[in-house]
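Hi,

Here is the structure I promised to pass on. Please open it first, then read my notes below.

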Amino acid sequence: MATKLLMKGNEALAEAAIRAGLKAYFGYPITPQSELLEYLVRELPKRGGAILQAESEIASINMVYGAAATGERVMTSTSSPGFSLMQEGISYIACAELPCLLVNVMRGGPGLGTIQPGQCDYFQAVKGGGHGDYRMIVLAPGSVQEMADFVYLGFDLADKYRIPVLILTDGALGQMMEMVEFPEYDIEAHLVDHSSWATTGKKKGSERHIITSLFLDPEILENVNLHLQKKYDTIREKEVRYEAVMTDDADFIVVAYGLSARVSHKAIEMGRQEGMKVGLLRPQTLFPFPSEQLNALADHVNGILVVEMSAGQMVEDVRLSVNGKVPVEFYGRMGGMIPAPEEILNEINRFYSQKLIEETF
Amino acid sequence: MTNEIKIAGFGGQGVLSMGMTLAYAGVFEGKQVVWMPSYGPEMRGGTANCTVIISNDRISSPIINQFDMAIILNQPSLDKFENTVKPMGQIFYESNNVINPPTREDVSVFEVPAALEAVNLKNAKGMNMIMLGAFLEKNPIVSIDSILKALKKVLPERHHHLISANEKALKRGMELLQNPVLS
Amino acid sequence: MTNRNEGIQCEILDRMDIVWERPPALLDVKMHYCPGCGHSVVHKVLMEVIEELDIQDKTIGIAPVGCAVLAYDYLDIDMQEAAHGRATAVATGIKRVRPDRIVFTYQGDGDLAAIGTAETIHTVNRGEQIVIVFINNGIYGMTGGQMAPTTLPGMKTTTSPDGRDVESQGHPLKIADMIALLPGAYYVTRQSVTSAKGVRKLKKALLSAFQYQIERKPGTSFIEVVSNCPAGWKMTPIEANRWLKEEMLKYYPLGDLKTPDT
């Protein structure tokens, strides 16, 4: 029986990484994720892993690129400005098809912005972020428990698809404490044999291994791209994850992820108390996005409200998913502000009163 | 049953650890809990506050703007949070640090002279536990035993010898409101 | 792959006739380097050293962005291609997770001393137990002859067409001298490949550097090779070597900058 602990999101994530067999972590301090680095500095060396505070996020991601090439489980974490600095390296990792875990504990931007929570790096996370046609698997935890659970899932997916996996979360989820239970996890049973490609020294009598993202011949590079796109299609088909709350009888749904989804959850509970048939769809994977599920839901609801701590980024994917079937409204706060449940309820109310007017006249 | 609590004061008054202790005690009683701190530069000597939610059910939003109870350790925090307490809610305030007491009439207000009592107990750092004791006297949502177990988790091991002093402070806080000064 | 060197194979009558031999760890493929370029010589010496130390099966090399970006096409070892300037960070990642492996980077002056300066200095300052091979030819070769951080004062490049003006374009960076000041540096030396004697000295330096890593000596070995770029310098190979000796070595004198005894 696993024990229940009260932990900060950042610390739960770090602890789960160790339990998932983390072999090396490279990172640079930045608020609001420094607890991750601090926790791992204390714990990882005792438990069989290497840790290094790098000179920059650029160095961190390139250390991850090197370490991941050995086939071991490795990771880095940062917050928004630092994640921008990592984009070039992530593009290399994606092209070279190396498994690794990345964490962006988002804060409000643009620029140096604020250290308060934000969700304004959605586009950067799900559309590639760096140069070239690549994707990461993007996991969006909605609780401290999921901060831990998605680490195991993230490493497993990274190994399975040889792809960088990003946990996209925010400062509030990173800093807040909730109960967390660490599952039994047999590392050995989950490790994938990477010896066919990893650079660990050329075995006598066998071919050398090269990790590169350079393909000067356009025909070869196009094939590399086609291979990557095929992999992303498989991921779209098999790895969509989401949570649906009270959507079965809903005539209106809110779509939100991470912290926004938690606040929206409260708003729909309040709405239900007022007799509104309102539900919540919370994507747990942002890439792949639950497009088909949203499209199907759009057949049964009269409208959708997307709530984000941004100027409206995921709302574009929701609109693409429902393809004009129903109106998709947006409510967002920016700059480190968090929407309150009452604000979201107001938006839901606005929809209902509009519908009432339409039905009356 | 859900209790949504705001705890606020200066950095260094033990605001965050008081909230964490309360939350951990909730864990020991099998409840769902959330502890959400304010973080950032305001922590460095300025005002610090945290939200604690203790519930029998799954907790949706960790972000709330209205609270059932507020434990207030200084004037700026009272000014900021007095109006966020729900009607019929409760405000516990530390009377040495709050010069202008709450004026709301639709909430229960409890004056707690915790700083003074802490000095009397020769345990100035125990002020937060006196406040917590007073709070628990009126809201026995967790037991003192659970609080003491929680302190073992919240305090670093080198401070575990302080737990008995903290227990005294908690009990003193409870006594204070057994004959409450209801304003 | 067909042997592109077939046409130039000649009959060997006596082993005493051999003046150049490809070490087996240097792959039998045609290199893309320009005639007279120092890279191919350094590649050959490097692989001789790896063979002599019998570490081919546990060595991992990091290729840079620059002329040597395709070094992995020539060296018969596991290799990884790094982003521009980040080779020592990549090497750090490997070495930290697999300290039992032998890791080296192979970088040019733009890569190591311009865009990658921070990584270079911090890697050595941490004393990462790797070998850094630094090819300094005073110019950006691959992108077509632009000014490098190591370009000499007055030297003409496509981005300093009137010669490097130190007042507006800064001074040549003696990064090896800076590196030698760092406590994490174990062995820092500057060698050259313009003469047979120089090549032998380079090989000796590389042997020492890799041996130190095998013995897990505390710190980084940094080997600068003052090299030529006939194409970028717009000279014949002979002119380039002469210019290197007469001009480059004045600014970048050869010899050890830090040895384990100093």
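**A helix pair in chain B**

Start with chain B, where helix α5 (residues 144-154) and helix α6 (residues 163-178) have axes that come within 11 Å and cross at roughly 145°. Keep in mind throughout that this is a predicted model. The crossing of α5(B) with α6(B) is right-handed.

Which residues of α5(B) meet α6(B)? On the α5(B) side they are B:I144, B:I147, B:L148, B:L151 and B:K152. Their partners in α6(B) are B:I163, B:N166, B:E167 and B:L170. By class, this contact has 6 nonpolar, 1 polar and 2 charged residues.

**Chain A: overall build**

Chain A has 14 helices and 15 strands. Its radius of gyration is 21 Å, close to the 21 Å that the globule rule gives for 361 residues, so chain A is as compact as a globular protein of that length. Along the principal axes, the C-alpha trace of chain A spans about 80 × 50 × 40 Å.

Of the 361 residues in chain A, 57% are buried. Now take the contacts in chain A with a separation of 6 or more: 79% of them are accounted for by residues 24 or more positions apart.

**Where chain A touches chain B**

Next, the contact between chains. Here 21 residues of chain A are in contact with 18 residues of chain B. Several elements of chain A each supply at least two residues to the side that touches chain B: β1 (4-8), α8, β8 (177-181), α11 (258-273) and α14 (341-360).

Which element gives the most to this side of chain A? That is α11(A), with 5 residues. By class, the side of chain A that touches chain B has 11 nonpolar, 4 polar and 6 charged residues.

**Chain C**

Last, chain C. There are 9 helices and 9 strands in this chain. The radius of gyration of chain C is 18 Å, close to the 18 Å that the globule rule gives for 262 residues, so chain C is as compact as a globular protein of that length. The C-alpha atoms of chain C fill a box of roughly 55 × 45 × 35 Å, taken along the principal axes.

In chain C, 52% of the 262 residues count as buried. Among contacts in chain C with a separation of 6 or more, residues 24 or more positions apart account for 68%.

Best wishes

Definitions and conventions
Residues are numbered from 1 along each chain as its sequence is written. Chains are lettered from A and ligands numbered from 1 in the order in which they are written. This is a predicted model: local features need pLDDT of at least 70, side-chain atom pairs count only at pLDDT 80 or more; totals for chains, interfaces and linings use all residues. Helices (H or I, at least four residues) and strands (E, at least two) are DSSP runs, numbered from the N terminus. The radius of gyration is taken over C-alpha atoms; the globule rule is 2.2 Å times the number of residues to the power 0.38. A residue is buried if 20 or more other C-beta atoms lie within 10 Å of its own, exposed if 12 or fewer, and partly exposed in between; C-beta atoms are placed from the backbone. Two residues are in contact if their C-beta atoms, placed from the backbone, lie within 7 Å. Axes are lines fitted to C-alpha atoms, for helices over the stretch in contact, and angles run from 0 to 180 degrees between N-to-C directions. A crossing is left-handed if the near helix is turned anticlockwise from the far one by less than a right angle, and right-handed if clockwise. Ala, Val, Leu, Ile, Met, Phe, Trp, Tyr, Cys and Pro count as nonpolar, Asp, Glu, Lys and Arg as charged, and the others, Gly among them, as polar.
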